[in-house]
Amino acid sequence: MTNFPDEEVMLQVRDGAPAKLKILFERYHLPLFNFFSRTIGDPAASADLVQEVFYRMLKYRHTYRPAIPFRTWMYRIARNARFDRMKKSASQTALQMEPSRPADPADSLQQQQETALLHRALMQLPPEKREVLVLSRFQNLDHREISDLLGCEVGTVKVRIFRALRELREILRQFEEQNMSLPVKP
């Protein structure tokens with residue numbers, strides 16, 4: 001049963017088998033959590049948003065059309081849920097600077113520091129650049145899926161990813177310069 005393509009499972013949910021949503025939840029709750037964690041930087045809010053996405057998928061299941069890839073439809077719902085949450089909590093101006101996942105004791109200290117630095121740099125990007133990077137690099141959506149999701153051409157997606165990566169590299173370079181300019185205490 002779990003080997004069915006996402007689109008087929010969602011069609012079953014749409015057509016009266018809402019319990020099948022559990023299959024999609026098992027497949028996508030972690031990728032959605034990572035998407036939200038990397039775009040908003042708040043693990044508690046990310047967990048809430050994952051629940052909101054699956055609630056909306058169930059509530060709006062009648063809008064699902066198999067012509068649209070399931071992941072594109074799901075991430076569109078996720079983006080809308082995130083935007084709605086941002087509108088509701090206008091007071092949320094400071095983002096938490098926590099790593100997007102708990103540190104694994106097996107990771108080296110250097111690896112943990114690099115992950116934290118990357119997350120910090122990612123959170124410095126404007127939200128639209130952060131989102132396109134997270135979708136392409138961390139959620140593994142291809143350019144076509146992202147273009148469908150954002151409602152733009154594939155070429156535009158490629159340019160946005162390129163520009164976001166360039167800005168991320170610049171932020172990381174600035175972090176490196178700031179770190180190098182600090183006096184080293186013996």
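## Basis of the description

Two residues are in contact when heavy atoms of theirs lie within 4.5 Å. By that criterion, residues 24 or more positions apart account for 63% of the contacts in the protein chain with a separation of 6 or more.

The model is predicted: local features need pLDDT of at least 70 and side-chain atom pairs count only at pLDDT 80 or more, while totals for chains, interfaces and linings use all residues. Residues are numbered from 1 along each chain as its sequence is written, and side-chain values use heavy atoms, with hydrogens and water left out.

## Overall architecture

The protein chain contains 8 helices and 0 strands, and its pattern along the sequence is α-α-α-α-α-α-α-α. Helices (H or I, at least four residues) and strands (E, at least two) are DSSP runs, numbered from the N terminus.

Of the 186 residues in the protein chain, 35% are buried. A residue is called buried under 20% relative accessible area, exposed over 50%, and partly exposed in between (1.4 Å probe, protein chains only). The accessible surface of the chain comes to about 11,100 Å², and carbon and sulfur atoms hold 55% of that surface. Accessible areas come from the Shrake-Rupley method with a 1.4 Å probe, and for residues only the protein chains shown count as cover.

## Packing of H5 and H6

Helix H5 covers residues 109-124 and helix H6 residues 127-138; their axes come within 9 Å and cross at roughly 140 degrees. H5 and H6 are therefore oblique to each other. The contact involves Leu118, Leu122 and Met123 on the H5 side, and Arg130, Leu133, Val134 and Phe138 on the H6 side. These residues comprise 6 nonpolar, no polar and 1 charged.

Several terms apply here. Axes are lines fitted to C-alpha atoms, for helices over the stretch in contact, and angles run from 0 to 180 degrees between N-to-C directions. Angles under 35 degrees count as roughly parallel, over 145 as roughly antiparallel, 65 to 115 as roughly perpendicular, and the rest as oblique. Nonpolar residues are Ala, Val, Leu, Ile, Met, Phe, Trp, Tyr, Cys and Pro; charged residues are Asp, Glu, Lys and Arg; the others, Gly among them, are polar.

Helix H2 (residues 21-40) packs against H6 at an angle of about 145 degrees, with the two axes 9 Å apart. The crossing of H2 and H6 is right-handed; a crossing is right-handed if the near helix is turned clockwise from the far one by less than a right angle, and left-handed if anticlockwise. From H2, the contact is made by Phe35, Arg38, Thr39 and Ile40, and from H6 by Arg130, Glu131, Val134, Leu135 and Phe138. By class there are 5 nonpolar, 1 polar and 3 charged residues in the contact of H2 with H6.

The axes of H2 and H5 come within 8 Å and cross at roughly 70 degrees, which makes H2 roughly perpendicular to H5. Ser37, Arg38, Thr39 and Ile40 of H2 meet His119, Leu122 and Met123 of H5. This contact has 3 nonpolar, 3 polar and 1 charged residues.

Helix H4 spans residues 70-88 and includes Arg79, a buried residue with a relative accessible area of 15%. Leaving aside residues up to four places away in sequence, Arg79 touches Phe35, Glu131, Leu149 and Leu150. Leu150 lies in helix H7.

The C-alpha atoms of Phe70 and Glu8 are separated by 9.1 Å, although the two residues are 62 apart along the chain.

## Exposed loop residues

Asn140 is located in the loop between H6 and helix H7 (143-150). Asn140 is exposed, at a relative accessible area of 56%, and its phi is near 60 degrees, a positive value in a residue other than glycine. Most residues other than glycine have a negative phi.

Gly16 sits in the loop between helix H1 (6-14) and H2 and is exposed, at 58% relative accessibility. Gly16 and His62 are 46 residues apart in sequence and 9.7 Å apart from C-alpha to C-alpha.
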